[in-house]
Amino acid sequence: MSNVRIVYRKYGGALHWHHPGRLLGEDEHGVWVDVPSGTVARKGDTPPITWKTAAIMLFPRNAWWTASFNSPPNRCEIYVDVTTVPEWRDGEVTMLDLDLDVIRMRDGRLILDDEDEFAEHQVLLGYPAELIAQAEATAQWLLKAVGHRKQPFDGAHLQWLPTST
């Protein structure tokens, strides 16, 4: 397995969440990356934090989102960021975080999070109309796909668990 650097930025280029991961492989859904418990992550230039639970992340090839499938006891089962299409270069995957998140909790609740941040950043960061429309359409698609457990939100990540630590 090779190491990969995961870098989320905000519109305009400001550094957002960034942390290491280990490349697991690829399938029809995209590129799968292991983020083991104990991973040290940072949000921008804030002090580092250590994640207590593991996650398997999915970076689709041509979709405006990225997904984290979190291990128990994390109360959040699936956390999907609406982003620009992930781009791979020199062992790093980078995308712009577009604020909206679709979350499926372990108890089955489905949440569309950070709508207020999305509205604020449309003005503050000057999101173009096309970007706003794409982010909104992606969030609506994700609500249906995650809520109805459509691929890859139907357990597709489970095949990668035996290789994860």
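Mentor: Buried means under 20% relative accessible area, exposed over 50%, and partly exposed in between (1.4 Å probe, protein chains only).

Trainee: Where does E87 fall?

Mentor: E87 is partly exposed, at 47% relative accessible area. This is a predicted model: local features need pLDDT of at least 70, side-chain atom pairs need 80 or more, and totals for chains, interfaces and linings use all residues. Residues are numbered from 1 along each chain as its sequence is written, and side-chain values use heavy atoms, without hydrogens or water.

Trainee: What does E87 meet in a salt bridge?

Mentor: R89, at 3.5 Å from N to O. A salt bridge puts a side-chain nitrogen of Lys or Arg within 4 Å of a carboxyl oxygen of Asp or Glu. R89 is exposed, at 56%.

Trainee: How many salt bridges in the whole structure?

Mentor: The search finds 8. One of them joins E77 and R104, at 3.1 Å from N to O. E77 sits in strand β8 (residues 76-83) and R104 in strand β10 (residues 92-105), 27 residues apart.

Trainee: Is that pair buried or exposed?

Mentor: Buried: E77 has 18% relative accessibility, and R104 has 3%.

Trainee: What about R109?

Mentor: R109 bridges to D107, with the closest N and O atoms 2.9 Å apart. R109 is partly exposed at 44%, while D107 is exposed at 55%.

Trainee: Which residues form a network?

Mentor: K10, D97, D99 and E117, linked by salt bridges.

Trainee: New topic. How many helices and strands?

Mentor: The protein has 2 helices and 11 strands. They are DSSP runs numbered from the N terminus: helices are H or I, at least four residues, and strands E, at least two. Along the sequence, the pattern is β-β-β-β-β-β-β-β-β-β-β-α-α.
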